[in-house]
Amino acid sequence: MGSNASKPIIGLTTYTEKASWGVWHTDAALLPRSYVDATSNAGGIPVLLPTGGTQALSAVDALVLTGGADVEPHRYGQDPEDKTVTRPERDAAEFALARAALDRGLPVLGVCRGMQVLNVALGGSLIQHLPDRVGHSGHQPSPGVYGPTHVTLAEGSRIAGILGADAKCQCYHHQAVDRLGDRLRAVGHAADGTIEAVELPGAGFVVGVQWHPEEDTQETRLFAALVEAACR
């Protein structure tokens, strides 16, 4: 375990975006505080990982691939559609981190975009604009508004063992898993059939959720399970 004997160090990927504070308006490596709080409340030590190489993985005990912009479609053999908004620099960093973490056997939690990164890194593909497939915008009702979604979880799955047979979730995504990546198992579905959770069987803790568990301050079980896996 990293450098702390009592609490595991959890690496959180960050955004590189224009940001404003005080008199400044410049590029920043940032992340919503809710991820930091969720990790701390679950008993982990959160460390923000800026865009860069994979060397930082040697200092952490688990990895959270956080939410954000769309994955570049060329990574799964498609051209970008009109509503697809990408951050290629972030893709390069997070795909390298995801593959390195899997190679090292680190516990991994993918959140929203992070689940999609896991899927594409393992050879899967994405639906570029989910409303075109399911006929509604309930997974992302409007800018900055989470869509409440009921997710049914597969019996016997790791995530069902953590959350039970179903979960009430806060979603904010207009893309979703289409073709599953190699060895990934779809273990959570919305009522419209959208894949909302995946896991890698027999690989320690490798879980992806399409919703945002960090936004529910009363629900810490997923982050707690990641922290517990990082302690082993």
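Reader: How far apart are the end C-alpha atoms of helix 2 (residues 88–104), and what span should its 17 residues have?

Author: Happy to start there, with the reminder that this is a predicted model. At 1.5 Å a residue, the 17 residues of helix 2 should span 24 Å. That agrees with the distance between the end C-alpha atoms, which is 24 Å.

Reader: Which elements are included in what covers the buried residues of helix 2?

Author: Let's begin with the residues themselves: the buried ones in helix 2 include Arg90, Asp91, Phe95 and Leu97. Here, buried means under 20% relative accessible area. Their cover includes strand 1 (9–13), strand 2 (15–21), strand 5 (62–65), strand 6 (108–111) and helix 3 (113–121).

Reader: Which residues lie nearest the centre of the largest pocket?

Author: This pocket has a volume of about 350 Å³. Its lining divides into eight nonpolar, eight polar and six charged residues. Of the 22 lining residues, those nearest the centre are Gly67, Gly68, Ala69, Tyr172 and His212.

Reader: Which element gives the largest share of the lining of the second largest pocket?

Author: The second largest pocket has a volume of about 180 Å³. Among its 13 lining residues, Lys168, Cys169, Trp211, Asp216 and Glu219 are the closest to its centre. Two elements give two or more residues to this lining, strand 9 (166–171) and helix 6 (221–231). The largest share, five residues, comes from strand 9.

Technical notes: Residues numbered from 1 in each chain as written. Predicted model: local features only at pLDDT ≥ 70, side-chain atom pairs only at ≥ 80, totals over all residues. Heavy atoms only, no water. Helix = DSSP H or I, 4+ residues; strand = E, 2+ residues; numbered from the N terminus. Expected span 1.5 Å × (residues − 1). Buried < 20%, exposed > 50% of the residue type's maximum accessible area, 1.4 Å probe, protein only. Contact = heavy atoms within 4.5 Å. 1 Å grid on protein atoms, 1.4 Å probe; cavity = no way out; pocket = protein on both sides within 12 Å on 5 of 7 lines; lining within 4 Å. Points joined across faces, edges and corners; volume = space filled by probe spheres on them. Nonpolar A, V, L, I, M, F, W, Y, C, P; charged D, E, K, R; others polar.
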